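Please look over the sequence and the model shown here before reading the report that follows.

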Amino acid sequence: MQAIQIQGLTRLYKNGRGVNNIDLAVPQGSVFGFLGPNGAGKTTLIRTVLGFLKPQAGQASVLGLDAVTRSREVRRRVGYLPSDPALYEFLSGRDNLEFALRMRGVKDRIRMQTLADRLEIDLTRRVKSLSRGNKQKVAIIAALAHDPDLIILDEPTSGLDPLVQETFLDLIRQERQRGKTVFMSSHIMSEVEAVCDQVGVIKDGRIVAFDTVANLKKQRVKYVQTEFAGEVPNLRTVAGVTDWQVEGRRARFTMNGSLDTLVAELSKGALVDLTVTDPPLEEVFRQFYEGAGGGK
Amino acid sequence: MTLFWQQMRAQFMGLLIWTGAGLLLVLGLAGSAAAAGAEGGAMFEKLPPELQRMMGYQEGLSTLDLFVSGKAAVSMALILVLYGIVLALSVVTREVDRRTIDFLLSLPVSRSQVLLTRTAVMVMNTGILGGILWGAFIASMNRQGLEPLPAYWLIFLAQWLLAVMIGGITLLVSLWIDDYSLAIKIFIGLLSALYFLDLMLKAAGVDRIGRILSPFSYADPVPIILEGALPWSDTLLMIGVALLTIGASVPVFNRKQISA
């Protein structure tokens, strides 16, 4: 069963931005990374799924429930962290969380305290007096404290220091181990690469790539390092070779094309060593956004 | 009930501040009521007829009643209506402006429930504020041996309904405005304009029918003091408009698109 199933979903604003004819399926028990720069449509999609925005076309179901007609039940089983979370400033962190848990009919407070201990946040302080990072921690606890089946996080690590980011990513891994589904929008590749099983890339309101992290990285460019016994053959004219750099008998370049052609050209020289590596996800992501690649 | 008490708690400090400021004004007015009762009649008679009409001077009213209708009731009506506007804008607009709407609507609660519960707080708190102000005013007059009329409590009821009616209109219109400070400026500006329009119409001697579009005319204290009862047509109209606007706000809020 899919935790999130979206078919032909469209929600466009007057300026033409938003999401357009999106199809997406997020399997239960997975961590899904939703990548895209600001304004690509990530938040619009999330807000449409959660009922903040009504779709103009298409449909979305969450945990088997229609996102529009059964929005209240959906929200009971979902934990949501907005991209710019705001809590009630006149209340303490604990009172904000107590309010949310009472509204959800949850009596257990152990999980709330456990999360607060993990994130090292003092819940007795008024939200008004908290730093941005600490407000973010309270909002993270609010999204997780009721032990939801699906956790939707919109740029969750913004405002968190690197140590807390690591703790947060551990929490996400732990939730996956417990069989929970996590849908996480981000433009920070390293965190997506660290925890996500699958990735969707959104560009101008459309999904341009959808695959596992490993496959996405394999799909396109490769980083190639070569060492020759003699003179380095000139490979810069080979189709797909860019960033050509020669240092003595070594050459480094990026290959964006058929490896067969490359191997044929390499064999013309006295090849001693060859290393082909996948690029970091940033590079894959950059390609989609520079229009070098289409999508699936 | 969690939603209701949370909103009551959110508004508690505001209620305290409004009550404190209102009490200062009202008790100051009540302190001058005895002097007004003794000398006010002569003072009113010396005023030009336009000012007399503006202050509600009318035959059959005692000088104390003139003081109450011309000064105290006007002040309290303005306080209650302003407070009603602030509370109405806190139902949705302030939540959207401060982005706490995301936190609230991510909970398993229907939008109708949010709107109606928070509107109930608006109705209750304007009633509490009005009750305290009028109660303090009447108690102070009693202590001075001035024998306030039971009809003064009816003026409170009319002003409460006026605050709820204007609150309801504010609530409905504010659903199209996401900027809280802009909304405050718009509604307080409109209210001031309507209040001065009503004063001008009264000064010009325009009758009740001619002032029908002025909301303050619906809680005019003079006919209430003279009749010793609430004018039923005005009372029903205020209740009707309040119910209509609050009722219409529910589907409008349900359809509202809340973007980031």
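## A pair of parallel strands

In strand 8 of chain A, Ser185(A) is the bridge partner of Phe34(A). Strand 3 (residues 31-35) and strand 8 (residues 181-186) of chain A run parallel and are joined by 5 bridges; strands (E, at least two residues) and helices (H or I, at least four) are DSSP runs, numbered from the N terminus.

This is a predicted model, in which local features need pLDDT of at least 70 and side-chain atom pairs count only at pLDDT 80 or more, while totals for chains, interfaces and linings use all residues. Residues are numbered from 1 along each chain as its sequence is written, and chains are lettered from A and ligands numbered from 1 in the order in which they are written.

## The sheet and its helices

In chain A, 6 strands form an open sheet with mixed pairing, in the order 6-7-8-3-9-10, where two strands pair if DSSP finds at least two bridges between them. Strand 6 (78-81) and strand 10 (206-212) of chain A are the edge strands, each pairing on one side only.

Helix 5 (residues 132-144) of chain A packs on the sheet, touching strand 6 and strand 7 of chain A, and its direction makes about 165° with that of strand 6 of chain A. Such angles run from 0 to 180 degrees between N-to-C directions, with axes fitted as lines to C-alpha atoms, for helices over the stretch in contact.

## Where the chains meet

In all, 19 residues of chain B are in contact with 24 residues of chain A, contact meaning that the C-beta atoms of two residues, placed from the backbone, lie within 7 Å. On the side of chain B that touches chain A, helix 1 (2-31) and helix 6 (100-105) of chain B are the elements that give two or more residues.
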